[in-house]
Amino acid sequence: PSPSVVYSFDSPNELTEKLADFIVKAQTEAVSKKGRFTVALSGGSLPKQLNKLIDNPAVKWDRWQVFFADERCVPLDHDDSNYNLCRKELFSKVPIPEQNIHPIDVSLLDDLEELADAYEKALINEFAQKDSARFPVFDLILLGIGPDGHTCSLFPDHALLTEEDRWVAYIDDSPKPPPRRITLTFPVLNHSSRVVFVAAGESKAEILSTILDNPEAGLPASRVKPSHPGQVYWYVDNAASAKVKYQ
Ligand code: 6PG
């Protein structure tokens, strides 16, 4: 894997502008190659940080196929739902066709294993047969980082950190509530064309320096290393990168 590329900006506003430029460029490249753009979104502050895509005439919303990096096991209209957050901050404000959005819908199945399998099937449907493609290759996966270094619902020291086979998995012991969650796995993150971590503010400074300067600590975010030609990018503000040494 190539080393991460870190872009640090003076202000959160500049960060969101440059992030939008990056996403548009990735979209344009993907659409010109294969007519569609596959992206996975996260919750937290990420959906809000996509606001510079709204009203941007270069975004071809009808070409987007939107999946979720992880989801809390709550109804889709719940305040804790990542889908709901994305709907409020983005989908409701842009002309993206409903059928291009692929939520992880807990109302469909009670059993978490079945729910993870069903989402894996949705991915197989989009990314061809599992036999022909060992893992899906997303054009872009957008991630946040938690104060403990978690990303998606992949938490430090969790058994899922060593998952090698499944595309989608569940946990029922998340240290951060709610405990029941569905998440993409490391093999999926590590086959993506691009993974972008987005982090802003002083509260991220300590964990960013641990992730970037001390990868041998093995925090989940440090384990995201897509195989060639995949690339990890960090879009952060100067407050978040203040303690990072290697830049
Ligand atoms: C969760 C959160 C989490 C989030 C990070 C970053 O489900 O635990 O959604 O994964 O992405 O904690 O959060 P912020 O983007 O709000 O800083």
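A residue counts as buried if 20 or more other C-beta atoms lie within 10 Å of its own, as exposed if 12 or fewer do, and as partly exposed in between, with C-beta atoms placed from the backbone. The model is predicted, so local features need pLDDT of at least 70 and side-chain atom pairs count only at pLDDT 80 or more, while totals for chains, interfaces and linings use all residues. Numbering runs from 1 along each chain as its sequence is written.

Helices (H or I, at least four residues) and strands (E, at least two) are DSSP runs, numbered from the N terminus. Helix α2 covers residues 82–89, and N82, Y83, N84, L85 and C86 are buried in it. The cover over these buried residues includes β2, β3 (64–68) and β4 (70–72).

Helix α1 (residues 12–34) has its end C-alpha atoms 32 Å apart, which agrees with the 33 Å that its 23 residues should span at 1.5 Å a residue; the expected span is 1.5 Å times one less than the number of residues. Buried here are L15, T16, L19, I23, Q27 and A30. They pack against β1 (5–9), β2 (37–41), β5 (140–143), β8 (194–199) and β9 (231–237). After α1 comes G35, with a positive phi near 75°.

On to the core. A nonpolar core is a set of buried Ala, Val, Leu, Ile, Met, Phe, Trp, Tyr and Cys residues joined through C-beta atoms within 7 Å. The largest one holds 66 residues, of which A40, I141, L142 and F197 touch the most other members. Neighbours within four places in sequence aside, A40 contacts (C-beta atoms, placed from the backbone, within 7 Å) F67, F68, A69, F138, I141, L142 and L184.

Terms used
Contact = placed C-beta atoms within 7 Å.
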